[in-house]
Amino acid sequence: MDNMQRIAVLIDADNTQLVKLEAVLHELTTYGRIVVKKAYGNWKKPTLKNWENEVKRLAIKAEQQFDYVSGKNTTDIVMVIDAMDLLHTGLYDAFALVSSDSDFTPLAIRLRESGAYIIGVGENKTPEAFRNACDDFLLLDYLAQADAPCPPPAIAPPVPAAVEPVPAPVADEPEPVEAVAMPNIEDVHNLLRIAYERYQDEDGFVNVASAGTYIKRAKPDFTPRTYGYAKLPDLIAAFPKKYQMKRYRGKGTTDIVAYMCV
């Protein structure tokens, strides 16, 4: 769903990475016009001390909520109350809930039941229940990768002819980098198969855009970047033994990409 006219963005500062906040707003802007931007937290906490400058720069309204009891976070309740107040105005097409906290699952369900389009934004650790309560779920981990600049290529300095390169000591080998677990891509293949069976045209092909819409409905946290591909057509094209692809001209100058299961 895109071109929404009024999007309300509600940010749980206690469960969001500050360094990725601008990337979140950039991504949400692709859905439509953001008219409300609020961040909730107890700004006296040391863990939130770096938020002030970024909140000002991004024109986000900071909502202060003190902790009435030590160890009890009350900002979640305030965010829920605000969300319901905004819902009852009837002014907003969509709500973006920026948090990795499963406590917002009932809120997402309630807002969605009222007809609003719900976009969740959180980390990989976000519980599946919250992800599935949303119409669309954006993973912070991959938004950050998309916005990060590409590092310049490493250029080895020339070695003088008279000087032989000295091998690096074995003891100074770098520590291995912990590998990120790759989700099971078979889930995506199964959804592509279902889309193929349901939406194929008279020639037996399925518009990739239609398949992508279906996959998002079935798996709100889906993004091809999770599996190492920039776009869904790139993912499909990487499996020529499973899919046959074709491109053809649609209305105007639009090219349509379609696939067939083989």
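Author: Rings of Phe, Tyr and Trp pair if their centres lie within 6.5 Å. Keep in mind that this is a predicted model.

Reader: How many aromatic pairs does that rule give?

Author: The count comes to 6 aromatic pairs. Among them is Y243 with Y259, 5.6 Å centre to centre. Their planes stand at 90°, and the pair is edge-to-face.

Reader: Which strands hold Y243 and Y259?

Author: Y243 lies in β8 and Y259 in β9, so the pair ties together parts 16 residues apart in sequence.

Reader: Are Y243 and Y259 buried or exposed?

Author: Buried means under 20% relative accessible area. Y243 has 6% relative accessibility, so it counts as buried. Y259 has 0%, so it is buried too.

Reader: How do strands of a sheet pair?

Author: They pair through backbone hydrogen bonds, either parallel or antiparallel. Here, 3 strands form an open sheet in the order β7-β9-β8, with antiparallel pairing. β7 (206-207) and β8 (243-249) each have a single partner strand, so one side of each lacks a neighbour in the sheet. Between β8 and β9 (residues 255-261) there are 7 bridges. In one of them, M245 is partnered with Y259.

Reader: Which helix packs on the sheet?

Author: Helix α7 (residues 186-199) does, touching β7, β8 and β9. Its direction makes about 105° with that of β9.

Reader: Now a loop. Where is T126?

Author: T126 sits in the loop between β5 (117-122) and α5 (128-132). At 3% relative accessibility, T126 is buried. Its side chain makes a polar contact of 3.4 Å with that of S100. Residues that T126 touches include S99, R131 and F137.

Definitions and conventions. Residues are numbered from 1 along each chain as its sequence is written. This is a predicted model: local features need pLDDT of at least 70, side-chain atom pairs count only at pLDDT 80 or more; totals for chains, interfaces and linings use all residues. Side-chain values use heavy atoms; hydrogens and water are left out. Two strands pair if DSSP finds at least two bridges between them. Helices (H or I, at least four residues) and strands (E, at least two) are DSSP runs, numbered from the N terminus. Contact means heavy atoms within 4.5 Å. Axes are lines fitted to C-alpha atoms, for helices over the stretch in contact, and angles run from 0 to 180 degrees between N-to-C directions. Buried means under 20% relative accessible area, exposed over 50%, partly exposed in between (1.4 Å probe, protein chains only). A polar contact is a pair of N or O atoms within 3.5 Å; within protein, one must be able to donate a hydrogen and the other to accept it, and residues adjacent in sequence count only if both atoms are side-chain atoms. Rings of Phe, Tyr and Trp (its six-membered ring) pair if their centres lie within 6.5 Å; planes under 30 degrees apart count as stacked, over 60 as edge-to-face and the rest as tilted. Lists of a residue's contacts leave out its neighbours within four places in sequence.
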